[in-house]
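Dear colleague,

I am handing over the structure we talked about, and my notes on it follow directly below. Please read them with the model open beside you.

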Amino acid sequence: MSERRAAAAAPEDLAALESLEAELDERWPETRIDPSLTRIAALMDLLGSPQKAYPTIHVAGTNGKSSVCRMADALLTRMHMRVGRTTSPHLQSVTERIAIDGVPITAAGYVHTYRDIEPYVQMVDDSSVTAGGPRMSKFEVLTAMAFASFADAPVDVGVIETGLGGRWDATNVIDSQVAVITPIGLDHAEYLGTEITGIAGEKADIIKSTSVAVLSEQQPEVSEVLLRRAVEVDAAVAREGSEFAVLERRTAVGGQMLRIQGLGGVYDDVFVPLHGEHQAHNAALALAAVEAFFGAGKDRKLDDDVVREGFAALVNPGRLEPVRTAPSVFIDAAHNPHGARALAAALSGEFHFRRLVGVVAIMADKDMRGILEALEPVFDELVVTHNGSPRCMSPAQLSELAADVYGDDRVHVAQSLPAALEAAVELAEGVSGPGEEISGSGVVVTGSVVTAGLARTMLGKEPT
């Protein structure tokens with residue numbers, strides 16, 4: 001597996017990937033959805049229903065989905081299962097979205113997979129357009145590519161992350177053995193609405209009669225919606241805080257040590273190489289999901305050493321990820337207020353910086369003020385910038401909003417992420433008076449998945 005991670009794509013494969021991405025980008029982006037499963041269902045039928053060739057764990061929610069997917073993948077892999085994982089969005093390369101054996105598909109494999117299903121995609125496009133509908137969206141096509149790749153591998157289990165919502169999400173053509181719901185908050189309001197119970201209803205639709213519903217702790221009104229759905233379809237339910245829970249948590253070097261009440265018993269001394277209380281809860285959720293997948297229950301624990309080894313081997317890029325020292329630089333993909341609050345809590349609870357500088361670029365369709373306000377208590381100074389996406393708020397506009405939250409003196413503007421990171425390092429290393437220590441400073445790059453991915457690339461991190 002390490003050799004596959006290290007292998008570099010040939011220039012011609014990268015060129016083919018870039019050409020294909022330009023082609024797929026002409027389709028509807030994943031930020032635009034049509035409330036229908038007709039197109040993806042038709043394509044699955046034409047392909048012979050590859051999504052039914054293996055059992056699945058389906059993950060929906062507002063925050064923590066990718067982390068839970070990667071955790072479940074790590075545990076299942078350690079149990080000698082061949083795992084197909086699809087997550088979205090990607091950090092650096094679209095190939096990250098389709099992973100087998102914990103490794104992203106190659107550039108050549110990505111192109112081959114699309115070209116293999118392309119004639120069938122065209123058939124669905126033509127049928128939809130003739131009926132007055134749209135062509136398949138890019139996300140629908142990528143979802144089909146993942147399902148087909150997993151069937152071809154073949155995998156023993158698929159770990160599937162939803163894109164937006166759940167009910168009309170292209171991934172919702174599966175009937176999963178386990179349906180996981182991570183914490184639900186307000187996000188993508190333009191598509192899912194501004195009522196949290198309505199959002200919960202959309203995400204709850206991944207719970208099927210075939211599923212065990214594994215539910216994170218939620219606001220009471222959200223829990224009511226999720227439990228109502230489980231009752232409607234007669235799905236078994238495992239709830240955080242009831243059937244499973246984080247019993248103890250303490251900070252450790254490079255992460256945290258946990259004691260988790262699982263569905264089958266208590267797991268002690270579980271090291272998770274991630275920071276933040278939210279990641280502890282994600283770990284408990286992922287563990288319960290894997291237990292449910294194997295039918296674990298009272299007195300049917302998974303092997304303790306296997307659980308410890310699976311979590312210890314976890315790789316989860318862009319989640320309060322350390323990428324540089326002196327000063328410490330971290331990358332986090334928080335892109336909504338809920339995620340920003342979790343990031344702020346982790347920074348204040350587990351780190352003690354003399355000075356902490358934030359580098360932030362945020363998409364214009366996000367709750368920018370909510371993100372800035374959540375991070376204000378932990379950032380001494382802020383550098384606002386642009387991540388290169390056409391959806392990103394301009395630095396000038398973002399700085400005006402930031403000044404209302406932080407004050408003019410704490411806000412700095414850079415026109416590009418490289419310039420912003422350089423400015424932030426200078427601010428972090430600076431001293432305000434004689435005798436002040438230079439060490440103990442830090443920089444956190446956040447505000448968007450795109451921002452986090454660009455920062456990883458800038459700092460020499462490979463996609464994973």
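Asp234 sits in the loop between α9 (220-233) and β8 (236-239), where helices (H or I, at least four residues) and strands (E, at least two) are DSSP runs numbered from the N terminus. Although Asp234 is not a glycine, its phi is positive, at about 60 degrees, and with 66% relative accessibility it counts as exposed (over 50%, whereas buried means under 20% and partly exposed lies in between, with a 1.4 Å probe and protein chains only). Ala326, in the loop between β12 (321-324) and β13 (328-331), also has a positive phi, near 55 degrees, and is exposed at 63% relative accessibility.

Please bear in mind that this is a predicted model, in which local features need pLDDT of at least 70 and side-chain atom pairs count only at pLDDT 80 or more, while totals for chains, interfaces and linings use all residues. Residues are numbered from 1 along each chain as its sequence is written, and side-chain values use heavy atoms, leaving out hydrogens and water.

Two cis peptide bonds may interest you: one joins Ser88 and Pro89, with omega about -10 degrees, and Pro89 belongs to the loop between β2 (83-86) and β3 (98-100); another joins Ala153 and Pro154, with omega about -15 degrees, and Pro154 lies in the loop between α6 (138-152) and β5 (157-161).

Finally, strands β10 (residues 255-261) and β11 (residues 266-272) run antiparallel and are joined by five bridges (pairing requires at least two DSSP bridges between two strands). Gln261 stands opposite Val266 in β11, and in this hairpin, with four residues between the strands, Gly265 takes a positive phi near 150 degrees.

Best regards
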